Amino acid sequence: MRTGDTAQLIDMTGLEALFGALHERDYTIVGPTVRDGTVTMAELETAAELPWGWAADTGPGHYRLRRRDDDAGFAHCAGPQSVKTFLHPPRARLWSADRTPDGVTTTGPEPPTKRYALVGVHPCDVAALAVLDRVLAHGEHPDPVYTARRDGTLVVTAECTEPGETCFCASMGTGPAATGGYDLALTELLDGGHRFLVRAGSPAGADLLERLPARPASPVDVAAADTAVQQAAATMPRRMPDGPLPELIAANRESPHWADVASRCLTCGNCTMVCPTCFCVSTTDVTDLTGEHAERWRQWDSCFSVDFSYVHGGPVRASGASRYRQWISHKLGTWHEQFGMSGCVGCGRCIAWCPAGIDITREAAALAGEPS
Amino acid sequence: MTAVVTATASGVIPRPYRVIHRHEDTADTVTLELDRAGEGLPEFGPGQFAMLTAYGIGEVPISLSGSRGTRLIHTIRAVGAVTRALCAAAPGEVIGVRGPFGTQWDVGAAAGHDVLVVAGGIGLAPLRPVVERLLADRLAYGRVAILVGARQPRELLYPGDLRRWATHVRVEVIVDRPAPGWRGRSGLVTELIPLAGVDAGRAVAYLCGPEVMMRATARALLDRGVAADRVWLSLERAMRCGAGWCGHCQLGPLLLCRDGPVVGYPVAEPLLNVREL
Amino acid sequence: MTTLAVWKFASCDGCQLSLLDCEDELLAVADRVRIAHFPEATRATEPGPYDISLVEGSITTPGDARRIHEIRAMSRILITIGACATAGGVQALRNSADVAEYASVVYARPEYLDTLATSTPIAAHVDVDYELHGCPIDRGQLLETIGALLVGRKPDLPEHSVCFECKRRNNVCVVVAYGEPCLGPVTRAGCGAICPAFRRGCFGCFGPAERPNDEAEAALLESTGMSGPDIERMRRLFDPGTEPVGGTS
């Protein structure tokens, strides 16, 4: 929790100082900002670019920016993309190769040119980073593209004090409080002056915090932060059904409900693309027209593509029903067996950014036989 | 947070291997013997696979079908652009290799048991290292039978090996569609099981072939009293990385590049019974 | 050297121009490929057969229907380029209208016209090896296809939805965030999601994606305020749903 002697308090000047300190240390800062009618994660120069006074109204298949009647900068729910975009890029060159007299010379993925400080990441997305770490960095064959970007990335989380209509992190145990995986954690407080409770979660975070114009947080501030986050959890409108999801999913492999979802599902793949943990990729080999230079590129792929499961003879998962089943089964069920954790962090993006408004919590509830 | 490991790029970069020998097994199947043209790869076990790159064309997973010292032997059937390019690779040409990936046939665990090797079509390729390992330590095992099915006589792989193996262990061959001049058996590979001459109660079975053939074979073996947890299958799904992070090779809870391709029947059976899983 | 021929049927020439538009790459193309027939670019014409034929436009006259068979016979690989050639084009809207009546209104001497009642894609008449969709085609796909064929690679021509490309280029979904009607979820990728990048809904010029769920898409368009007839018109613009044409020779 936020108690203890480590909680500090900074104001807007302190937040500007944080940006300054990160720039001084050569971090490229990525944080939420208003762009294209959304609050989205982008490279930021100053704290002024944060979405002060903006929130978003979300619902199944629905997202609209909304002006707030206060100046909150972190009271927006998950936007169109997570920080996955920066650490697991949509497209990356794995290698390029040239023919030489005695063989082939291959050089492989370019090292990243930037070191990121991810500022204002909500706890659900911090949990998603832990999921990507497990999949892409902690297996027997780590992914060099992800690990090169992830290594040295600094995380400043902002606890969630105002969940959106589509949020359900509380039922996934990933939020709204920050419980780990961060260097610094902020809790935004508005009543009684705009200020931020700050806690360090790592030596790097503690070192940064020492350099900020901060003062110890009073018990009143700490209590206010506790209340704000607890209220967020209490008012969260959606939740996953109770009980172990992997068993629920495994027991429903032949459920008629998959056909019901398929009648509504566009199999467009948007849910997988906006999901902060969906990691699937395809590779494509290309040549220049001379044929002497070859490259292998990889890009985000999705289990909603028919080609995704293609083996000689045809696709394994041809029907829309089987592709939706694969996605939700992996996310909520088999992810546990493959990686020892859930693939869902409850950010709600797949609900908001599904053009058909399909709601993973409702589909899971239907499988569980809960009344909708 | 800096809590992740830094991966070297070596996992995604194919190592150059030169084609030393190229042998046309059938009209559409070729066996390549490869030797490293630079830094080589760690030793492959039987059942494991490599990702083979035809530069500029693409990459496919291909099981090891043999080895000779540091040389890798792969048998490839031309079914798409990449496998066509690999099959066309002439001696001297360089192709890319990554690996070894996946689980192995645990041949050692069959010591003291009777052994059944059942192959359909090109499924004999990943099983060839199993047979060679059994023969290399013949006395460690009980009765051994190799049952091979093919669609047509001219699609039979490794006829020389089959003749050599037959001097040590029982080898039975059957084809779906006999051609004029074929004096052997015709039918499905499951029909060979009664001829195997092994003691079902103490047999270990290794199966590789089309999924429908493996399912039928496994069921027939269980019916005859082979224990389910002594039946092993090699499964196939789309694969793009071999490393567990492309997501393509999922079969329910399994990532077949990591948890397979060799999987025990008790794990595989409920998964193979679900359509479009 | 590989020979390339470019052919035109009923179309606006925009797709052929995509080839000329490949300024930087054209020299490399010319290095590997001999352009043997390309009236838009050069008067020189070499006789067939040709290794690769690019065919633009749809079949709208009896003469077209004969000529496409001759071209097919002369071509080792036949690639149709653009929505006219792959789907019949905008001019296929006439398939559900009375052409004779139109002709009598538009032309002073309609009897001079020799036209078919329908505009049909090339694949309705002859076998097609590869299809490059779009209005116009994507020049990246054109170069990828030619480059792939030169080395024996399968061209990378995805059949999934435009949404994949939208998300990969960090476009914001125009349906979800702005309420714009968009055919992206049921339209084949390949354009790079150009229209949504400019906050415009996809109008489907690449034609249907693999296994589109038309009913779910109709519900989506309705939710943006479109009427049933408008939805049908939007859908039919690049997906006339034509059947193969038999008996032409």
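**View 1. The second largest pocket has a volume of about 670 Å³.** On a 1 Å grid over the protein atoms alone, a pocket is an open set of points with protein on both sides within 12 Å along at least five of seven lines; its volume is the space filled by probe spheres set on the points. The model is predicted, and local features need pLDDT of at least 70, while totals for linings and interfaces use all residues. Residues are numbered from 1 along each chain as its sequence is written.

View 2. Lining residues have an atom within 4 Å of a point.

**View 3. Chain C meets chain A through 34 residues of chain C and 43 of chain A.** Contact means heavy atoms within 4.5 Å. The two chains bury about 2900 Å² between them, 59% of it on carbon and sulfur atoms; buried area is the accessible area (1.4 Å probe) lost on being put together, summed over both parts. Lys167(C), Arg168(C) and Val176(C) supply 24% of the area that chain C buries against chain A.

**View 4. Zero salt bridges are counted between chain C and chain A.** A salt bridge is a side-chain nitrogen of Lys or Arg within 4 Å of a carboxyl oxygen of Asp or Glu.

Conventions. Chains are lettered from A and ligands numbered from 1 in the order in which they are written. This is a predicted model: local features need pLDDT of at least 70, side-chain atom pairs count only at pLDDT 80 or more; totals for chains, interfaces and linings use all residues. Side-chain values use heavy atoms; hydrogens and water are left out. On a 1 Å grid over the protein atoms alone, a cavity is a set of points where a 1.4 Å probe fits but cannot get out, and a pocket is an open set with protein on both sides within 12 Å along at least five of seven lines; lining residues have an atom within 4 Å of a point.
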